[in-house]
Amino acid sequence: MKCTFATAGAVACLAMAAGMAMAQDMTVGFSQIGSESGWRAAETTVTQQEAQTRGIDLKFADAQQKQENQIKAIRGFIAQGVDAILIAPVVATGWDAVLEEAKEAEIPVVLLDRQIEAPEELYLTAVTSDQVYEGKVAGDWLVGEVGDADCNVVELQGTTGSSPAINRKAGFEQALEGHDNIRITRSQTGDFTRTKGKEVMESFIKAEGGGANICAVYAHNDDMAVGAIQAIKEAGLNPGTDIKIVSIDAVPDIFLAMASGEANATVELTPNMAGPAFDALAAFINDGTEPPKWIQTESKLYTQADDPQAVYEAKKDLGY
Ligand code: AHR
């Protein structure tokens with residue numbers, strides 16, 4: 001007997017809960033997006049460590065950035081009869097059918113780090129940051145840094161159709177409202193990868209007559225920022241001074257860049273989404289406790305004033 005969407009909270013479920021398998025005996029399927037960024041690799045490592053610490057049998061599936069692979073993996077988990085499923089959804093839409101199947105099989109689903117556009121009853125909870133707020137924090141930092149000066153910003157977007165790409169763009173644009181001296185002049189996806197971030201930045205520099213017109217880069221993650229820094233250096237400009245760099249994630253490599261003055265600010269996204277997810281699942285499976293639909297993680301701004309070398313030393317062994 002397990003507490004399911006149909007039975008959670010019901011007296012019968014609670015009465016029988018004492019006799020069922022405890023959360024530490026759970027088998028959990030994890031559909032991960034891939035390994036596009038340092039942050040993503042860290043999330044995978046932390047999830048595996050959290051599962052091991054709690055005695056959870058974690059079945060891991062790497063989707064190589066493809067939603068179709070995620071849907072196939074989720075169907076496989078359902079067929080195996082896992083106790084719960086974690087999904088880091090690559091894009092925001094197209095999940096209803098497979099989530100209906102999980103619901104019919106009475107398998108609770110927890111979303112990790114990205115949100116989806118689907119009815120809330122199709123998943124137990126979502127553990128994510130406020131991605132609009134992340135973009136706003138990055139934008140507010142730039143507004144404060146630039147003051148009244150004229151500033152052309154180029155934007156490296158995350159994966160097209162993913163919730164962080166949509167929301168981080170919206171939040172940054174909110175921050176620029178009423179600051180007509182700062183404008184986004186170019187915006188393109190770099191797919192959250194270092195390689196594409198560099199390629200797109202090279203094309204921006206070329207299109208902007210060598211890059212002298214560019215005042216700042218806003219990258220939806222640190223990996224794309226690191227790629228952009230490389231492109232700026234190869235173009236003979238100084239990242240961090242000629243062109244300001246603000247991004248999101250707070251992975252160790254961006255702190256190295258900040259320590260050498262080549263990046264300016266980053267907004268932290270914790271890679272530990274699994275801890276709160278497993279806590280919510282344990283409470284739900286053991287006694288039917290319904291978590292809130294959104295478990296929000298923190299978003300902290302780091303700048304060069306935060307001793308980036310020390311932050312790098314503290315973070316570098318954490319699995320990024
Ligand atoms: O969904 C979180 C984002 O996905 C991270 O910011 C990025 O690095 C990753 O690929």
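1. Which residues in H3 meet which residues in H4? From H3 come Ile71, Ile74, Arg75 and Ile78; from H4 come Val98, Glu101 and Ala102. To meet here is to have heavy atoms within 4.5 Å. By class, this contact has five nonpolar, no polar and two charged residues. Ala, Val, Leu, Ile, Met, Phe, Trp, Tyr, Cys and Pro count as nonpolar, Asp, Glu, Lys and Arg as charged, and the others, Gly among them, as polar.

2. A word on the basis. This is a predicted model, in which local features need pLDDT of at least 70, side-chain atom pairs count only at pLDDT 80 or more, and totals for chains, interfaces and linings use all residues. Residues are numbered from 1 along each chain as its sequence is written, and side-chain values use heavy atoms, with hydrogens and water left out.

3. Helix H3 spans residues 67-80 and helix H4 residues 96-104. They pack at an angle of about 10°, axes 10 Å apart. H3 and H4 are therefore roughly parallel to each other (angles under 35 degrees).

4. Helix H2 (residues 38-54) packs with helix H10 (residues 274-287) at about 40°, with axes 9 Å apart. Thr47, Glu50, Ala51 and Arg54 in H2 meet Ala274, Gly275, Phe278 and Asp279 in H10. Those contact residues divide into three nonpolar, two polar and three charged.

5. Now the ligand. Among the residues surrounding the ligand are Glu36, Trp39, Asp113 and Phe192 (a heavy atom within 4 Å). A polar side-chain atom of Asn221 is 2.9 Å from a ligand oxygen.

Methods:
Axes are lines fitted to C-alpha atoms, for helices over the stretch in contact, and angles run from 0 to 180 degrees between N-to-C directions. Helices (H or I, at least four residues) and strands (E, at least two) are DSSP runs, numbered from the N terminus. A polar contact is a pair of N or O atoms within 3.5 Å; within protein, one must be able to donate a hydrogen and the other to accept it, and residues adjacent in sequence count only if both atoms are side-chain atoms. Angles under 35 degrees count as roughly parallel, over 145 as roughly antiparallel, 65 to 115 as roughly perpendicular and the rest as oblique.
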